[in-house]
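Trainee: Could we go through this model together, starting with its helix packing and then turning to its aromatic rings?

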Amino acid sequence: MIADTTTTWALTGTAALGAGVLNAIAGGGSFLTFPALVFAGIPPLAANATSAMAVSPGYLGSTLGFKAQLRELSPSLLRREMLTAALGGLIGAALLLVTPARVFSGIVPWLLLLATALFALGPRLSALGQGQGHPAMRQPGLLLVAIYGGYFNGGLGILLMALYTLAGESRLSTVNALKNLNSLVLSLLSVIAFAAAGAIVWPQALWMMAWATLGGWLGARLAQRLPVAWVRRLVIGAGLAMSGVFFGRL
């Protein structure tokens, strides 16, 4: 049962605004949107799908911001990357939709904890492959990461950046460009699948999309003023707190 109150709308709107700011600065916005939707009374599976829809506009803006870097890559490579990401996103979304609601509720705390760990270890993961690439792992790795992203969005950007670094991509701008492009593709396909299955709660999704977009605009301005290390600590703290809350709900 969704609690249709002023407090609920304020909670989800504030969470979406904060998520937009966080995603623009350091990532981790889903640590706010997903729990807010659950606390608003939306079942975890539908909350996950609605959260994915709520933060999706930010991927388009990020991708457009790296269009110059994407133009430098071969069209065949981009087609291959996008097809792999699309396939993974659809598989992940399908897995989510066939997961029994009770089972998903049970694994949510573990997914939040995993996403928090990925975010905390992000810089170390991205540094692992510097100087010794493994190109053969790129497409299989992308498929697996995209499946994870279609199933549960938390930590997706960190995994993609680590994958491209491990695969031997040394240019950070190219890594970011591919991360944003493939996040957009797999999120778009998974959201379409969620919408077709009726898993998205549209009033909250549209409300939160508007606030997340505003948050992204504010975050882009704040990114030049706030120390990223402080923001990362805030995100990690929020992730651990939310994981603890959901473990307590089991």
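**Helix packing and aromatic pairs**

Mentor: Let's begin with H8 and helix H9 (residues 156-166), which pack at an angle of about 175 degrees with their axes 10 Å apart. The model is predicted, so local features need pLDDT of at least 70 and side-chain atom pairs pLDDT 80 or more, while totals for chains, interfaces and linings use all residues. Residues are numbered from 1 along each chain as its sequence is written, and side-chain values use heavy atoms, leaving out hydrogens and water.

Trainee: Which residues of H9 meet H8?

Mentor: Contact means heavy atoms within 4.5 Å. On the H8 side are Arg 138, Gly 141, Leu 142, Val 145, Tyr 148 and Gly 149. Their partners in H9 are Leu 156, Leu 159, Leu 160, Leu 163 and Tyr 164.

Trainee: And how are H8 and H10 oriented to each other?

Mentor: H8 packs with helix H10 (residues 172-196) at an angle of about 45 degrees, with the axes 10 Å apart. H8 and H10 are therefore oblique.

Trainee: Now the rings: what kind of aromatic pair do Phe 104 and Tyr 151 form?

Mentor: Rings of Phe, Tyr and Trp (its six-membered ring) pair if their centres lie within 6.5 Å; planes under 30 degrees apart count as stacked, over 60 as edge-to-face and the rest as tilted. By this rule there are seven aromatic pairs. One of them is Phe 39 with Phe 246, stacked at 5.8 Å centre to centre and 20 degrees between the planes. For Phe 104 and Tyr 151, the centres are 5.9 Å apart and the planes at 70 degrees, so the pair is edge-to-face.

Trainee: Is Phe 246 buried or exposed?

Mentor: Buried means under 20% relative accessible area and exposed over 50%, with partly exposed in between (1.4 Å probe, protein chains only). Phe 39, at 37%, is partly exposed. Phe 246 has 5% relative accessibility, so Phe 246 counts as buried.

Methods
Axes fitted to C-alpha atoms, helices over the stretch in contact; angles between N-to-C directions. Helix = DSSP H or I, 4+ residues; strand = E, 2+ residues; numbered from the N terminus. Parallel < 35°, antiparallel > 145°, perpendicular 65-115°, else oblique.
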